[in-house]
Amino acid sequence: MNEFLTVKPKNILYGDRVKLSFSFTVNSLTDDLEEDENFPYPDEILNVNFGETEKFPSDMIYQSKFTVCKNGDKLNFYGYAPDWARKTDPIRDKYGNDLFQVGKKYSAEIVLTRNTVRISIDGVASDLYANAREGITDVAFYVRKGQDITVENCILEEHPSPEIRLDATLEKLLSAGAFAGYLNYVVSEEGVYFNRLNTIQNIKCTTCNSGARDSGVSLDIYTDSTRVEIEYFVADCGLPVYDLQFGFLVNGKKISTPVRNASKGHAYKDVFTVPENLRGENRLTLYFSTNFTLAVKKVSLDINARVAAVKKRKTAYFFGDSITEGSECIDPSSLFANRVCEAFSLKGLNQAVSGRTFNDYNVLGDYPETPDYVMIANGTNSFCMGTADKEKTFSELDGLMTGVIGNVKEKFPSAKIIALLPIWRSDEEGVNFSLKETSAKMAEVYSRYPKICVIDCYSFIPPEEKWFSNPQLALHPVSAGHEKYAENLIRSLSEIMGKPYRENHKSLAKHALNGVKPLFYEERETVLALIKRHAFKVIKPPEYKLKYPFTEPGLAYSHTLWDLDGYLTIKSLSDAAELLKEDETFDYEKHRAMINEAAKGNVLNFLDFQEEDGFVPIMIRSDVYDDDYARRPNTFNAQKGCLCKAALIACELNGDYDWIDTAKLEKYLDFMRNTQFDEKSGLYFWADDVMIGMDNNPAVFGRRPRTGADIYLNSFIADDLSALVKIKEKKGEDAALWKARRDELISAIERETWDERDGLYYSQDIDVKTNETEIFHKGLGAFWKTMPLKIETFACYMPLAFGFANDGRAKRALERLSGDGLTAPYGIRTVSKYEKMYDLTPSNNPSNWLGAVWGLSCYTAFEAYLNYGREDKAREVYEATLELYYNGIKKVGSMNESYNPETGEGIYYDMFFSYNTLIASMMREIGG
């Protein structure tokens, strides 16, 4: 091919996502690479450059988005042109390998969003880094002289941005103005990026993309939460691995926070806890790291936390270089600019960028408000070791300072301008002129503007290497150095701005939170109001062939009593009644009596239809006398393991165990063991795929009858055995047999359904046998008892939701289940989106459980997380479920049977309560 190839679209591409796809092959490598003026580094052989409006053209080689370099007889791939930082950061595949083959064709995809560049090679090697942009004009491929490289199939096009749903708490905090220190934010797949520079500055910032870093960005709130939990994605960092730390202040006092080794492309989560002696209303300030580009994915506070944004008295903008930006200041709460803002109650905006001088895009673009103060701390890079010609340097400095000062005065005419002269640095003597001479020249220029206050900061940090990050060149202060700098600077600023504020933060917090509702108050009250108005209507008096009070699932299932729906409706309505107990318009005693009677009635109605062999139907219709809908021969499945649990709940609610005949419960469980139990594996199975609750469960539905040992079914039966044990013990009856059966089943679940490789509990196929013939299969037969059905469904949570998984396995399973397969923007999917049978087509008879969100899937995951100490994840499921129902109620005034996990749209029947009222149980269990 030619020396370079250019791909130029008809029109400039301004879309939020611009994608370049191409394939390339390095056909051969020469031992010695020819010099080429287009390649600034000796080992580069291919560069891919994007031309960008407002930034740089594609012929600026140094700003490559993707490069290929020679490494012996192998290849390295890089994002960015490989400067001193990026040379140590090659693109790696998923195994950590960074060496690639000569002679192999690679398929590359480069996606530029508004904030990032994503590179993917063959789908196995990837890179991501921060990058702000506007339009894309073209793409140029540069090949080093003498190299044999083929580039093919180049496509450059715009792509639509995916629909992104923000974490509910994060969205509320953004709306409340709880974040500070930025000009605008952008929502992306990685999370929320906060831009402290405006759009034009971000675009023009090309020095390691410093302008996207988070110096000065903070979460600053009054709240009664005892904790702040933040989940974030590291989009970029100047080094492959670096120290990352958040600064955490409680009422202005620094609380120690851990330092972690972080690298780009990874997600992390940190929790910051208020000391017990300070609990109550407080001001909590969380400063973001100064050395990374972060995207905030989630923020969590206590469930009932009240929040108000901290309002500052005045506004200050800081212009400067790497010192003001905070390079190598690991603890961001120590950064001098942040400490100045704390001292004087300033709304700070840090506009500093590493490597910059007076001449680079200072005060470009638009600002939302006029500051009260502008602090200019440029000058360190104007000295630059004094290596240039003094007269020429000072002449240029004079002109550049005059321009910047003029721009500041024009842009912010009412602001007080404060000039900060450079601090000491170890090479201050310089080559042709000294740092002190540079400072004197700067002071001379500033003196022409009488209203500008000038502070000589030279002695604010002692001339000792311990205050700086590099003993060979003391330039960037460490955290302690910034604190020393701030201490002296605040003293000098007091003569200009008045004394620092000594605010009583707890008093201000109490005042700010007076009358403020908890974060999810409206959602909670809206959902509870609907439950109060309509959900208790599902409790029905005796009618037709049902002799006792009972519950129905909702309007679409009138006059029907279902097994699982029945006992979960009783549980959740009981919890809802307790939540509404203090509501003067809610007749608590009346509703409590109704619930208690229906709890017993549900069980007695089912036992009324128990057959001689112990069979109990899954569902009974009250209004049809000859209804055999859920009875043999239409279905051979008995109740799915919740009759004893329903009886136990009824006993506990009524404080009475004498009404229940345990012999009938035992007879029911004996029927299950006699007809739906596999002696070989020790697991229970479904007799057929009819009315199994999770209607089209792919571990059972459409498969051969009597082969599906479903983890869903076995978990319920294990729980039902536990319930019978409790009832018999309360009644003073011998429960040894049922304890043994329970323990045996739990052991079988652990032995047969746990998958050590995947770290999940799976349903199993029990149709395992040796197919012998007259001649073949006479040796080692099929000795295993089950074959795993590796389908990730919400039922994988069930051994954890019922609490009989061991802690080590539970930890592994929850980590796996926390991924985005089951966890959806709106609740918990019933089947992972990565399974081949994932489908959201609306359906009934069977109802669709192949991915839609149901209240049962959400509650199951919630219980699993809560049982094993993951309250953070349980809270996320609760908040997502609460928001799902709230949005539906606001839109259609009702709850639906199931929901689309991607959009939150309701599927099929409204006025469906059954599993949905479990949101009330979530509220009680997590303190919501």
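Me: On a 1 Å grid over the protein atoms alone, a cavity is a set of points where a 1.4 Å probe fits but cannot get out. How many cavities of 30 Å³ or more does a search of the whole structure find?

Reply: The model is predicted, so local features need pLDDT of at least 70 and side-chain atom pairs count only at pLDDT 80 or more, while totals for chains, interfaces and linings use all residues. Residues are numbered from 1 along each chain as its sequence is written, and side-chain values use heavy atoms, with hydrogens and water left out. A volume is the space filled by probe spheres set on the grid points, which are joined across faces, edges and corners. The search finds 10 such cavities, and the largest cavity holds about 170 Å³. Its lining (residues with an atom within 4 Å of a point) has 21 residues, of which Gly216, Tyr287, Cys341, Leu346 and Gly348 are the closest to the centre.

Me: Which elements give two or more residues to the lining of the largest cavity?

Reply: Helices (H or I, at least four residues) and strands (E, at least two) are DSSP runs numbered from the N terminus. Here the contributors are strand 15 (218–223), strand 22 (282–287), helix 4 (336–344) and strand 26 (346–350), and the largest share, five residues, belongs to strand 26. With Ala, Val, Leu, Ile, Met, Phe, Trp, Tyr, Cys and Pro as nonpolar, Asp, Glu, Lys and Arg as charged, and the others, Gly among them, as polar, the lining of the largest cavity has seven nonpolar, nine polar and five charged residues.

Me: Why is helix 21 described as largely enclosed by the rest of the structure?

Reply: Buried means under 20% relative accessible area, exposed over 50%, and partly exposed in between, with a 1.4 Å probe and protein chains only. In helix 21 (residues 918–926), seven of the nine residues are buried, so the helix is largely enclosed; those residues are Leu918, Ile919, Ala920, Ser921, Met922, Met923 and Ile926. They pack against helix 10 (521–534), helix 11 (563–579), helix 19 (855–867) and helix 20 (871–892). After helix 21 comes Gly927, with a positive phi near 85°.

Me: Where is Lys680 placed, and what is it in contact with?

Reply: Contact means heavy atoms within 4.5 Å. Lys680 sits in the loop between strand 34 (677–678) and strand 35 (683–684), and its 37% relative accessibility makes it partly exposed. Apart from neighbours within four places in sequence, Lys680 touches Ile766, Val768 and Lys785, and its side chain comes to 2.7 Å from the backbone oxygen of Val768.

Me: How are the strands of the open sheet with the order 36-39-40 paired?

Reply: Two strands pair if DSSP finds at least two bridges between them. This open sheet of three strands has antiparallel pairing. Strand 36 (708–709) and strand 40 (787–789) are at its edges, each with a single partner strand, so one side of each has no neighbour in the sheet. Strand 39 (residues 763–765) joins strand 40 over three bridges, and Ser763 has Leu789 of strand 40 as its bridge partner.

Terms used:
A polar contact is a pair of N or O atoms within 3.5 Å; within protein, one must be able to donate a hydrogen and the other to accept it, and residues adjacent in sequence count only if both atoms are side-chain atoms. On a 1 Å grid over the protein atoms alone, a cavity is a set of points where a 1.4 Å probe fits but cannot get out, and a pocket is an open set with protein on both sides within 12 Å along at least five of seven lines; lining residues have an atom within 4 Å of a point.
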